[in-house]
Amino acid sequence: MIKTFDVATIRKDFPIFETGIAYLDSANTSQRPRQVTGAMMEYFEKYNSNIHRAAYRIAEEATVRYEATREKVRELINAASTKEIVYTRGTTEAINLVAYSWGRKHIQKGDLIVLTVIEHHSNIVPWQILAAEKGATIEYVDIDERGELRQDQFHKLLERSPKLVAFGQVSNALGTINPAIEMVAAAKAAGATVLVDGAQGAPHQGVDVRALGCDFYAFSGHKMLGPTGAGILYGRRELLEAMDPFMSGGDMIKTVRLEGTTYHDLPWKFEAGTQAIAEVIGLGAAVDYLSELGMEAVRSHEREITEYAYEALSDIEGLTVYGPPPSRRAGVISFSLKGIHPHDLATIADRDQVCLRAGHHCAMPLMTRLGVAATARASFYIYSQKDEVDRLVGSIKEAQRIFK
Amino acid sequence: MSTAADDQFYREYILDHYKNPRNFGRLENPDISHEEDNPLCGDVIGMDFRVKDGVIEDIRFHGRGCAISQASASLLTERLKGLPLEQAKKIGKADVLGELGIEISPARIKCALLSLKVLKVGAYGLAAGEEDEE
């Protein structure tokens, strides 16, 4: 069932807005509606127990609800099977899982890994560690003046037959929407295994992993209305089947004998130890919430608010917006103000209860590439409204008055 | 609405030190030169010292950052110039924060103390990180 998209109605589901904040940091972490916190609270208060073990009723209910999230996520991203949906703590753990379990098996000395300069640190550092360990090489695709990936350079690198290509669907720092379908197709044609970092894609653009055609897709629940501590790794079944476990211990085994162990089936092979049960149930409620709104409506609302903000910010003298025009960007606007450091702007905005990110956004190579130490960043989601953008503009004017 | 002059955080002297930093630049052939960055935001401050007979004869700082880190560095260099190195080593967090004279939130404390870190690690010869245990 698709609800009508009405921001005022949506905001009523988010008690945090009663505090009066203007929240412009959803690319960092989103807010969570009552439906999500309620589902988690219901678990704690009505059927709190461990999964996959006990024979009593509430433990069965916990197991069913925990596993139900898998099907919801499968449907959301159109994976072929729930066996391809692995719970992780978030995008970072999902990428580390691939770097460890797939990478250590398949990356060898002299192999090429292709990344891009706009990646979040979580899609750089695990590969750097792997490359150093294996003696592999990493090449980075640069951006052009508009903050878009240099496709000519990307295709040039593909000619060198990289073993792995990993890039973000959407840049967290610039908001650039990458031509992911075309890039995956080209990388696959070149024989590479492809990981797409969907941390900024899944919550906003949505994804159809089969249409995208990637081998791995990683994202976090906490950027899409869910709690922290629950994220997803999607992996093509045959790849996951052939991979060794990442973490090992309880719950990921079939039988353990002193002579050796047989591992559990997919996806539990990758889910060792007691899981983040409440968080996974909360993520399920978040997926329900987004599915009811429809990703198309989510996208269209974000486009509208981003265009409004882009116009409003571009009108301010001494303000530079980084990245592509609004038609080619997600709900993220990174900018700088002449003579005012982003931290100072964020401090002044905070006094007006405007939550604004200032810093390198875990994308230091990109900041270096742009020639800045840090930027201010406003980012939006389903509950963002024009009034919050207006309040940001007010804070910017106040900062300019103080620093004039 | 407050005026810039009576802003409790961005006080006039802070903004003055930010816009017109004292002892800003580089020294040729410094006796001590050290740079530190704030890993949270990528801001950088470096200091060059000329030391003669145990006294900081001249000092310059360089780098980029917010009003708090820049003003803090500017104020610190004013205090350090002409000071015996041994006394400079004794300057602590409370001194630097006191000099700034504003309420610093936990989110901004690293900005305020970045220049002190440069002094400690550079002049004291500490390994990076040790000054946190002070």
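Biologist: What should I know before I start?

Modeller: The model is predicted, so local features need pLDDT of at least 70 and side-chain atom pairs pLDDT 80 or more, while totals for chains, interfaces and linings use all residues. Residues are numbered from 1 along each chain as its sequence is written, and chains are lettered from A and ligands numbered from 1 in the order in which they are written.

Biologist: In what order do the four strands of the open sheet in chain A lie?

Modeller: Strands of a sheet pair through backbone hydrogen bonds, parallel or antiparallel. Here the order is S11-S12-S15-S14 in chain A, with antiparallel pairing. Strands are DSSP runs of E, at least two residues, and helices are runs of H or I, at least four, numbered from the N terminus; two strands pair if DSSP finds at least two bridges between them. S14(A) and S15(A) are joined by three bridges, and A:Gly359 has A:Thr375 as its bridge partner in S15(A).

Biologist: Is B:Ile45 buried or exposed?

Modeller: Buried means 20 or more other C-beta atoms within 10 Å, exposed 12 or fewer, partly exposed in between, with C-beta atoms placed from the backbone. B:Ile45 is buried because it has 26 C-beta neighbours inside 10 Å. B:Ile45 sits in strand S2 of chain B, residues 43–52.

Biologist: How many residues of chain B are in contact with chain A?

Modeller: Contact means that C-beta atoms, placed from the backbone, lie within 7 Å. By that rule, 15 residues of chain B are in contact with 14 residues of chain A.

Definitions and conventions. Two residues are in contact if their C-beta atoms, placed from the backbone, lie within 7 Å.
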